[in-house]
Protein chains: 2
Amino acid sequence: MKKKQTGVTYKSAGVDIAAKAAAIWSAREAIESSWGPEVVGAFGGFGGLYRMPGGMKRPLLCSSTDGVGTKIAVAIAANRHDTVGQDLVNHCVNDILVQGARPLFLLDYIATGHVKKDVIRDVIGGFAKGCRDNGCALIGGETAEMPGTYRDDDYDLAATIVGVVEEADVLPRTKNGVKPGDVLIGLPSTGLHTNGYTLARKALFEIGGLTVKSKPKELGGQSVGDALLAVHRSYAPLLLPILPERRIKAMAHITGGGFPDNIPRVLPEGVKAVVDATAWKPLPIFEMIRSLGNVPNAECYHVFNMGVGMVLVTSKKDVEPLLASLKAHGESGAKVIGEIVKGDRSSIVRFGR
Amino acid sequence: MKKKQTGVTYKSAGVDIAAKAAAIWSAREAIESSWGPEVVGAFGGFGGLYRMPGGMKRPLLCSSTDGVGTKIAVAIAANRHDTVGQDLVNHCVNDILVQGARPLFLLDYIATGHVKKDVIRDVIGGFAKGCRDNGCALIGGETAEMPGTYRDDDYDLAATIVGVVEEADVLPRTKNGVKPGDVLIGLPSTGLHTNGYTLARKALFEIGGLTVKSKPKELGGQSVGDALLAVHRSYAPLLLPILPERRIKAMAHITGGGFPDNIPRVLPEGVKAVVDATAWKPLPIFEMIRSLGNVPNAECYHVFNMGVGMVLVTSKKDVEPLLASLKAHGESGAKVIGEIVKGDRSSIVRFGR
């Protein structure tokens with residue numbers, strides 16, 4: 001006969017410590033696959049230990065925390081959980097890349113109403129793949145079960161990355177830095193990356209009546225879910241080998257706040273950026289959001305990357321060599337998209353003559 | 001005449017970029033008050049830059065991510081938002097302290113359904129105070145507005161800490177490490193710290209019918225809200241000056257999973273910990289939870305710290321000198337609470353003879 005449990009337990013209150021431990025251990029192999037010899041100590045410790053790289057002159061640690069926002073709502077609707085972790089890793093990698101840093105390690109945070117082992121394993125697996133692809137160790141994390149705060153199926157993610165850069169190599173450059181006459185080069189994005197999903201979902205799903213499974217002709221066979229879940233591109237594999245050429249004076253990751261808010265973050269006083277929106281054709285998914293939601297043009301470039309996920313600033317004389325180097329490293333979609341002029345440390349988008 | 005806006009904007013979809021920026025900038029002074037000369041660069045960059053401490057032989061970076069769980073639900077019920085950030089900083093500090101590391105910097109993550117400037121400012125202010133108190137720089141963070149995922153008033157927090165430790169000083173010690181005959185010393189907690197709130201809320205509020213404002217006689221004049229919101233104690237100010245005496249072989253932060261799950265994380269193979277629950281009297285708030293919820297004894301010590309937030313492992317001969325040193329550094333509540341015996345790398349709690 002089973003003994004009847006009359007008191008309240010953590011499990012009966014909605015938190016299952018054993019299920020959470022099982023979920024995390026199911027991802028152990030994936031996590032450890034991202035570890036190099038710099039990771040010291042074993043799985044399951046209180047903190048992750050990482051050996052500081054030797055041989056640097058004046059190392060600065062560069063760190064950033066981010067979330068994926070409501071891209072998760074799309075992942076949940078499509079029941080696909082192995083890509084959002086990659087999105088977040090790549091987002092974080094880009095955020096320290098724009099300061100010239102290369103990634104060392106990353107920690108993830110997963111919060112959910114109810115731990116589902118398969119979902120947690122897939123999410124952590126995505127983090128681990130993202131880390132491997134960027135030469136970064138997934139060194140720690142936390143999975144929190146919070147019934148009440150999150151609905152059963154809902155979860156939220158955050159991640160923190162730590163990288164390193166020699167002080168002399170920090171971007172934006174301050175010596176021979178950004179000045180009027182410099183040129184903006186845009187690098188293609190894969191889609192929305194991780195920004196603007198609340199607006200996109202409103203336009204596509206609520207107003208447009210589409211679902212993640214819809215395959216509108218504008219997307220040429222791709223489903224809305226696949227277009228929206230396209231993995232945030234990491235620009236590190238392309239740009240880390242090019243940085244030592246010292247042709248890039250500054251770069252801006254086009255995330256929340258779009259072109260107006262992100263480019264000024266790397267501008268000195270006395271200049272502004274002028275982005276020419278006619279220089280490239282937005283990806284089809286952005287055109288759909290704009291047209292279904294009747295989203296004003298200025299708002300589009302303030303919320304979305306519109307097909308350009310990273311902006312590089314270089315001197316006029318370096319434009320051709322930089323484009324050639326980008327091409328030699330596999331990127332033939334880089335384009336001149338604007339210029340630096342005298343101004344008030346702002347960034348404006350022009351839509352025509 | 002105002003121009004009528006017919007299209008969808010990010011703001012009309014529920015995300016107000018300007019309000020978020022205003023909320024973060026309102027906390028700028030508090031954030032910068034946690035910065036020492038090691039923080040390089042200005043507020044508002046993509047990533048935080050921190051100068052790696054010099055003069056170390058074999059530095060290991062030690063990092064940890066955590067959340068505060070549903071302690072936030074209590075903070076929201078009590079409409080008090082300036083302490084949860086401190087809770088989280090101290091939680092993170094303790095998690096790397098148990099590996100022998102001192103904190104360098106921390107990054108926060110705040111996610112909410114709707115950005116309320118005052119709440120965000122108070123939360124970030126709490127993070128900043130917690131960081132200042134631990135000599136740690138609040139170097140970055142992310143505030144995410146996610147209508148739909150979080151209800152209006154709801155928010156969730158996570159934080160990531162990065163610290164540093166000389167390889168020779170890493171805990172648990174592997175040379176002359178933990179062995180049978182060693183002694184467990186418990187350090188007093190201030191309350192639940194950041195664990196077990198889902199169970200506590202069920203017992204106190206749902207079953208017991210109490211509110212955050214109730215002042216039951218068991219708490220001697222303190223309200224339930226104040227007892228539950230007591231700030232997670234950081235053991236770094238006490239223990240960092242004592243670590244160089246090298247009397248502590250290992251230490252375990254008693255967080256989620258309580259005594260059975262946390263102590264084994266720092267044990268080598270071949271030994272187990274035996275905790276004597278009669279060695280100390282649990283804080284009144286735990287007795288209330290146990291009795292109102294009729295929570296089984298074993299469950300209490302598996303979910304809560306029961307009044308002991310940090311467990312130190314030391315050799316028998318070092319017990320008296322260590323207790324004396326703790327007292328000399330201001331802690332007179334440290335107690336012997338158990339011992340290490342031969343065993344299977346577990347931790348058991350004994351409730352009597």
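Which strand of chain B pairs with β2(A), and over how many bridges? The partner is strand β3 (residues 59-67) of chain B, and the two pair in the antiparallel sense over four bridges. Here strands (E, at least two residues) and helices (H or I, at least four residues) are DSSP runs, numbered from the N terminus, and two strands pair if DSSP finds at least two bridges between them. The model is a predicted one, in which local features need pLDDT of at least 70 and side-chain atom pairs count only at pLDDT 80 or more, while totals for chains, interfaces and linings use all residues. Residues are numbered from 1 along each chain as its sequence is written, chains are lettered from A and ligands numbered from 1 in the order in which they are written, and side-chain values use heavy atoms, with hydrogens and water left out.

In general, strands of a sheet pair through backbone hydrogen bonds, either parallel or antiparallel.

These strands are part of an open sheet of six strands with mixed pairing, in the order β1(A)-β2(A)-β3(B)-β6(B)-β4(B)-β5(B). Its edge strands, each pairing on one side only, are β1 of chain A and β5 (137-145) of chain B. Strand β4 (residues 102-112) of chain B runs parallel to β5(B), joined to it by eight bridges, and within these strands B:I110 stands opposite B:T143. Helix α5 (residues 117-133) of chain B lies across β4, β5 and β6 (155-166) of that chain, at about 170° to β4(B). Contact means heavy atoms within 4.5 Å; axes are lines fitted to C-alpha atoms, for helices over the stretch in contact, and angles run from 0 to 180 degrees between N-to-C directions.

Strand β11 (residues 335-342) runs antiparallel to strand β7 (residues 183-188), with four bridges joining them; B:G186 has B:K335 as its bridge partner. Strand β9 (residues 271-276) of chain B also pairs with β11(B) in the antiparallel sense, over five bridges, and B:V271 stands opposite B:K342.

How are the two chains related?

The contact takes 81 residues from chain A and 82 residues from chain B. Between them the chains bury about 6100 Å², 61% of it on carbon and sulfur atoms; buried area is the accessible area (1.4 Å probe) that two parts lose on being put together, summed over both. A:V8, A:F46 and A:L61 supply 14% of the area that chain A buries against chain B, more than any other three residues. Two salt bridges are counted between the chains, a salt bridge being a side-chain nitrogen of Lys or Arg within 4 Å of a carboxyl oxygen of Asp or Glu. The side chains of A:E167 and B:R51 meet in a salt bridge (2.7 Å, N to O).
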